[in-house]
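This briefing summarises the overall make-up of a protein chain and then turns to two local features. Please consult the sequence and structure shown here alongside the points that follow.

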Amino acid sequence: MSEQTEKKPNSGRKVFFAILAAILIIAAAALAIYLPNARKHPADTASTTQTAASSPQDSIAIGDAKTYDASNTEGTLSSVDIAAKVKPSVIGIEIYGRGGQLYGEGSGVVMSKDEAKNLTYIVTCAHLLSEPGTSIEVQLEDGTTYEANVIGYDTRTDIGVISIKGTDLTPAEFGDSSVLKVGEPVYAIGNPGGAQFYGSVTSGIVSAIERPTASTDSGYTQECIQHDAAINPGNSGGALVNSYGQVVGINSSKIMDDSYEGMGFAVPVTVAKNVVDDILANGYVTNRAKLGIQYVSIGANQTYSMVAEMNKLPDGSIIIAEMDDECPLKDTKAQVGDIITAVGGKELKSASVLLDVIENASPGDEITLTIAHVESDYKVTTFDVKVELLEDKGNASASDEDESSQSEGGFVNPFQNGGYNSNYGYGNGQSGGSFFGNSN
């Protein structure tokens, strides 16, 4: 928006919205998240063709539940034996940009193979697969590489599935993560730093079970295994292993704040299996709802906080920062820059009020949002809109890749063109005041 030096009758409104545009850009660095998976993750058609597997043996096979008992360690393995058993099933993942340059590295766990199709299936993290315009290769410890095909990924749970041609790799043994106990020994196996430290093994204990963790990439809170086995960039998609040599989790993220140590998080295998089954059958996880917006917390910047205080808006109100192309709010008088203050008449004491409603809804369900529109004098006018929720596929196809970096109403999209790293929990480090960082 160009600067206006000559005052005109509506200059106050223009100046105000210019300020709001700047605030949104600044606020994005503080706290920005998506209502369940509103952000699109286009995939490069050359390497991410989504295909559905045809048989259940392609998925994760969970073995007998083995409950740890410190007084009876029969059947448990030494750390040496665990490394020998599981390391061959943990591979390296290399991510290449369009120019063929190495973009990032991570890990994956061999989950199954189909001799008839000459395919091996690997489970990994969605955030390794979801960057637009990238291709994926699988690397073994001896340097052998395979071109990978992305079957699908789910940004809510951070689980993805790829396949490679050939059946020489050894599938891991998977265990029942629901029987884990706090204090039980666990081992992390993956590639911190990528190929340089391929197949590193670290040990720790289960620090907490069903620990709620949230990602601003999807706005979705899920319950993870918290552990203190050392994980670092490159471990994403690698194995969390119990004392019996069974993979019980897929390492996904860690807290990267200097004030915290030894706080890593893994997606439980029982969760990963359900996601993998749906991805193999449909290419995505079915029957989940989304609203289709990006938002910024109203408390993330001074001016919107002032507006909220002046007008007694709920503390958890959120600013609409961007609408997806198919967002149902586009068919109403709601605009980018407006504030959502309530859902179904219930005030947003926190953003989770709206997130929970959407999480428990199905595609096609209707919800009523209370919207506050900010006027040029900083006062607000409120109105209700009824919208029908969309289906959240957790990803997007290559045809969705051409997105404008400009939002409606003159607001600059604060989440593109390097202005903000939205991959909180999955990005290259911290995102403003949030301190979840990924382990990829």
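Among contacts in the protein chain with a separation of 6 or more, 70% are made by residues 24 or more positions apart. The model is predicted. Its protein chain contains 6 helices and 23 strands.

**Burial and surface**

- The protein chain has 440 residues, and 55% of them count as buried.

**Gln294 in strand β16**

- Strand β16 spans residues 293-297 and includes Gln294.
- Gln294 has a relative accessible area of 5%, so it counts as buried, the cut-off being under 20%.
- The side chain of Gln294 forms a polar contact of 2.4 Å with the side chain of Glu322.

**Helix α5**

- Helix α5 covers residues 302-310, and its buried residues are Thr303, Tyr304, Val307 and Ala308.
- These buried residues line one face of α5, because they fall within an arc of 140° when the helix is viewed down its axis.
- Gln302 and Glu309 are exposed on the other side of α5.
- Lys312, which follows α5, has a positive phi, near 55°.

Key:
Residues are numbered from 1 along each chain as its sequence is written. This is a predicted model: local features need pLDDT of at least 70, side-chain atom pairs count only at pLDDT 80 or more; totals for chains, interfaces and linings use all residues. Side-chain values use heavy atoms; hydrogens and water are left out. Helices (H or I, at least four residues) and strands (E, at least two) are DSSP runs, numbered from the N terminus. Buried means under 20% relative accessible area, exposed over 50%, partly exposed in between (1.4 Å probe, protein chains only). Contact means heavy atoms within 4.5 Å. A polar contact is a pair of N or O atoms within 3.5 Å; within protein, one must be able to donate a hydrogen and the other to accept it, and residues adjacent in sequence count only if both atoms are side-chain atoms. The arc is that of the directions from the helix axis to the C-beta atoms.
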